[in-house]
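Colleague: I would like to learn how to read charged side-chain pairs in a model, going from the general idea to particular cases. Could we take them one at a time?

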Amino acid sequence: MLSTDLIDRLKRRAASPDSRTDAPSQSPETSLLGGALKIVRVGLDGEPPPGPAPLPPPASPQDVATAEDSLGFALPEELRQLYRGVADGGFGPSGGLASLERVATRYRYFLANPPGEGGQEWPRHLLPINLSEPGADCYDRASGRIVYWDEESLADGPGDDVWERSFRIEADSLSTWLETWLSSPPMAETLSQDMEALALESLRRSLAHWRAMTPEQRAEMGLPEEGWEKELFGHLGVDLEGL
């Protein structure tokens, strides 16, 4: 059983588009704007892309019953808690949990289309629950563990040993898997830090280029020898002496 506290913390993190999964909610680019280093979002046409899809509502009893009819077995109680207590997918590690409908559809597809390179059948006790592509995090109905299936590793050959190695234990329980995710910083926060570091490094390289010039060369560019750094980069609001 999942604790009420865990469900509550999952709901809080899932409430924000920037933290509900490990996938960025929009495509980021780094820019130096407005006197400071910032992360800006742009679409293919140069305009900000539309916001992320809203979080689905919690699964209803009918959603659960429909999924169970499709699967041919009852969902483990802790999965029922998760889907009914937080949302019908769209949150969690990697790309987030799939909806119950998609979980059932993908499970039936794997059973009908053995994915092993040598025709190995999909393990019936593994329920693919997330949106990772390729591969999947799966709930092991036999043990309650989370097992990762590395689909890309199948390129090593059709043998049974390759097939067996494509599965590895990700966590000893669903709660442990979710707790690990909750303890990690949201992807948007990590991405922002990475992009800012890249922008600073770009600025360092640009400064090094201008500093390597002679005063005469900078003068040819119309820059005063005193205060040329501020003239070029002062609008960024960055401490240039520290770079």
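Colleague: Which side chain meets that of D161 in a salt bridge?

Modeller: In general, side chains of opposite charge can pair when their charged atoms come close. In this model, which is predicted, the side chain of D161 meets that of R165 in a salt bridge, with 3.6 Å from N to O.

Colleague: Why are D161 and R165 separated by about one helical turn?

Modeller: Because D161 and R165 are four residues apart in helix α5, which spans residues 160-165. As for accessibility, D161 is partly exposed at 45%, whereas R165 counts as exposed at 53%.

Colleague: Where do R9 and D5 lie?

Modeller: Both R9 and D5 lie in helix α1 (residues 4-14), four residues apart, or about one turn of the helix, and their side chains form a salt bridge with an N to O distance of 2.8 Å. R9 has a relative accessible area of 23% and is partly exposed, and D5, at 44%, is partly exposed as well. A network of salt bridges links D5, R9 and E179.

Colleague: And with which residue does R80 form a salt bridge?

Modeller: R80 pairs with E68, and their closest N and O atoms are 2.6 Å apart. E68 counts as buried because its relative accessibility of 14% falls under 20%, while R80, at 28%, is partly exposed.

Colleague: How many salt bridges does the structure hold?

Modeller: The structure holds six salt bridges, among them the D161 and R165 pair.

Terms used. Residues numbered from 1 in each chain as written. Predicted model: local features only at pLDDT ≥ 70, side-chain atom pairs only at ≥ 80, totals over all residues. Heavy atoms only, no water. Salt bridge = Lys/Arg side-chain N within 4 Å of Asp/Glu carboxyl O. Helix = DSSP H or I, 4+ residues; strand = E, 2+ residues; numbered from the N terminus. Buried < 20%, exposed > 50% of the residue type's maximum accessible area, 1.4 Å probe, protein only.
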